[in-house]
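I set out to record what I looked up in this structure. The entries follow in the order in which I made them.

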There are 2 protein chains.
Amino acid sequence: MSEHVLVTGGAGCIGSELAAQLLERGHRVTVIDDLSSGKLEHVEPFLENPSFHFLRGDLLDRAVVKAGMAGVGMVYHLAANPDVKFDLTSPTDKDLKQNVLATHLLLDVMKEQGVKRLAFSSTSAVYGLSPVQPIPESASFLRPISLYGATKLSCEAMISAFSHLFGMRCWIFRFSNIVGKKVRARGRTVISDFIHRLLENPRHLRILGDGRQAKSYLVADECVEAMLHVVERAQEPLNIHNLGCRDATTVRRIAAMVVEAMGLRDVEFSFTGTEGGWPGDVPRFILDVGEVAKLGWRARRTSEQAVAFAIESVLEGMREPACKP
Amino acid sequence: MSEHVLVTGGAGCIGSELAAQLLERGHRVTVIDDLSSGKLEHVEPFLENPSFHFLRGDLLDRAVVKAGMAGVGMVYHLAANPDVKFDLTSPTDKDLKQNVLATHLLLDVMKEQGVKRLAFSSTSAVYGLSPVQPIPESASFLRPISLYGATKLSCEAMISAFSHLFGMRCWIFRFSNIVGKKVRARGRTVISDFIHRLLENPRHLRILGDGRQAKSYLVADECVEAMLHVVERAQEPLNIHNLGCRDATTVRRIAAMVVEAMGLRDVEFSFTGTEGGWPGDVPRFILDVGEVAKLGWRARRTSEQAVAFAIESVLEGMREPACKP
């Protein structure tokens with residue numbers, strides 16, 4: 001059934017892929033994005049599509065959210081502070097504003113306008129340093145160690161309450177690390193970070209942490225397919241699903257793969273030596289994806305295949321002059 | 001060891017009892033309270049004590065928080081929106097401001113001033129409609145159904161992140177329903193609510209819900225003793241403890257107890273008939289208090305004894321002309 005869908009953060013890596021897949025399925029799509037990290041080039045292919053509407057604006061501006069909500073039947077709320085790296089000297093309210101306050105405002109406008117369905121991009125970071133691995137959705141250990149993870153858990157809690165109080169149906173997706181061809185901004189993922197550093201200095205690569213951090217990677221296209229798959233099938237008032245693959249890749253392995261893909265040799269690695277890459281980094285995790293498997297979805301690529309795909313497509317994108325990082 | 005302690009919400013029912021017990025133990029106590037629900041009469045007995053300092057002000061005002069934080073070694077953060085009852089037509093941002101934003105600001109000032117220890121009053125409402133009863137702290141089912149519960153869980157998540165990032169030691173207490181002699185304001189607890197209604201009309205009592213709601217009650221004095229007991233003994237970076245007793249009392253039973261204590265007869269009960277008393281009310285819960293028992297603390301009163309004590313002391317307080325509700 002075709003409907004009108006709002007995608008917040010729809011000019012981002014995942015959001016623009018979602019917009020594309022929704023348009024392909026015949027839906028009308030409104031995107032709100034302030035282009036602080038999303039890029040206009042990501043939605044450029046849809047700008048002439050009459051079913052697509054782009055609204056540049058801030059989710060903390062109620063007028064923007066109300067304008068984007070007009071006539072909408074469902075919201076995919078992907079906008080967030082994408083900078084998961086945190087510096088202890090940084091202000092502590094960035095995630096609070098961009099995650100908690102923006103999500104509350106969105107929920108409040110949904111309530112006001114009677115919009116009853118919401119999908120939300122949460123994160124594996126809500127689990128913190130889970131003693132259980134792979135981590136199931138039912139993990140009792142929700143003790144985030146980053147402001148990013150803490151504020152995403154805050155959003156989940158508010159969604160849970162709004163869902164119950166105002167009869168909304170909501171889907172919360174706890175993403176593993178998402179990579180893809182559009183994630184090319186410097187430092188945004190370990191992959192683009194390594195590529196940029198090696199372009200600058202092809203003989204030496206400084207690696208944050210001890211290199212033994214091991215995380216689960218998923219390609220953005222597959223992540224979006226999974227979201228659409230689950231939204232069609234999971235029909236509880238509140239549905240919480242991990243999205244990831246069944247294994248993990250170490251940072252050291254990613255470094256070796258990038259070096260090889262770039263055709264480099266004899267690159268010297270150095271390590272900052274801490275357990276995590278930055279304050280609040282969860283050094284090792286694998287999500288239990290049994291619940292989403294029960295609904296008939298599983299990642300096509302292993303974590304390493306996802307990383308290899310992302311390396312290839314970032315390098316390819318850099319070779320395309322029209323599509324600069 | 002004597003130290004300087006900040007108690008937010010220290011003019012409230014629990015906060016003023018905590019201030020009293022801290023002063024008895026030889027600590028210096030600063031209270032911040034905006035008296036929106038706390039009462040000056042609750043801290044009046046300490047105002048001439050040179051170890052006590054009262055600061056009337058808003059926790060959303062950074063200058064107030066900074067002033068209250070001066071020289072402090074530990075914070076007991078009890079201030080919150082005490083109105084757990086919610087009306088679907090009310091604004092949805094009251095708990096967001098008074099719980100989430102106030103707690104973030106407090107944590108940020110603690111970080112800035114290097115204050116490293118925090119105890120926080122959370123709530124059984126973070127669990128939502130838990131399928132497991134009694135509910136252990138490790139319950140995976142953290143799906144709050146009220147904005148009060150959701151924002152308290154948000155505060156817990158932020159405390160978890162700040163604790164990890166900035167090396168704080170924190171204690172989170174998930175309270176059951178707290179009652180006591182000071183909780184006399186109309187509608188604040190089911191007990192004071194019933195007493196006020198029966199004073200107005202001693203022949204009829206309207207009961208929110210179906211009367212079968214069954215919750216665990218704990219007297220404020222015991223709650224404070226438990227907090228101090230746990231803070232001395234639990235020394236993880238992040239300590240989360242349920243505080244309650246081992247059983248529960250139904251609303252219908254409380255109504256009968258109030259009627260009897262007031263010496264009334266032939267009171268007709270009517271019920272609004274919903275499962276919970278108000279939107280977001282968790283109709284039935286008992287907390288698993290095994291973790292706090294391991295530390296050597298358990299409630300002296302059963303839930304029904306706590307209710308009986310509260311009824312008696314509220315009625316007694318009403319008979320004292322100096323201490324009006």
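**Helices on the sheet**

I began with helix α3 (residues 62-69) of chain A, which lies across β1 (4-8), β2, β3 and β4 (74-77) of chain A and runs at about 170° to β2(A). I took helices (H or I, at least four residues) and strands (E, at least two) as DSSP runs, numbered from the N terminus. Angles run from 0 to 180 degrees between N-to-C directions, with axes fitted to C-alpha atoms, for helices over the stretch in contact. Helix α7 (residues 220-233) of chain A packs on the sheet and touches β4, β5 (117-123), β6 (169-175) and β11 of chain A; its direction makes about 150° with that of β6(A). Contact means heavy atoms within 4.5 Å.

The model is predicted: local features need pLDDT of at least 70 and side-chain atom pairs pLDDT 80 or more, while totals for chains, interfaces and linings use all residues. Residues are numbered from 1 along each chain as its sequence is written, chains are lettered from A and ligands numbered from 1 in the order written, and side-chain values use heavy atoms, without hydrogens and water.

**The sheet**

I read the strand order of the open, parallel seven-stranded sheet as β3-β2-β1-β4-β5-β6-β11 (chain A). Its edge strands are β3 (52-56) and β11 (238-243) of chain A, each pairing on one side only. Pairing requires at least two DSSP bridges between two strands.

**Asn81(A)**

I found Asn81(A) in the loop between β4 and α4 (94-113) of chain A. Why does Asn81(A) count as buried? Its relative accessibility is 2%, and buried means under 20% relative accessible area (1.4 Å probe, protein chains only), exposed over 50%, partly exposed in between.
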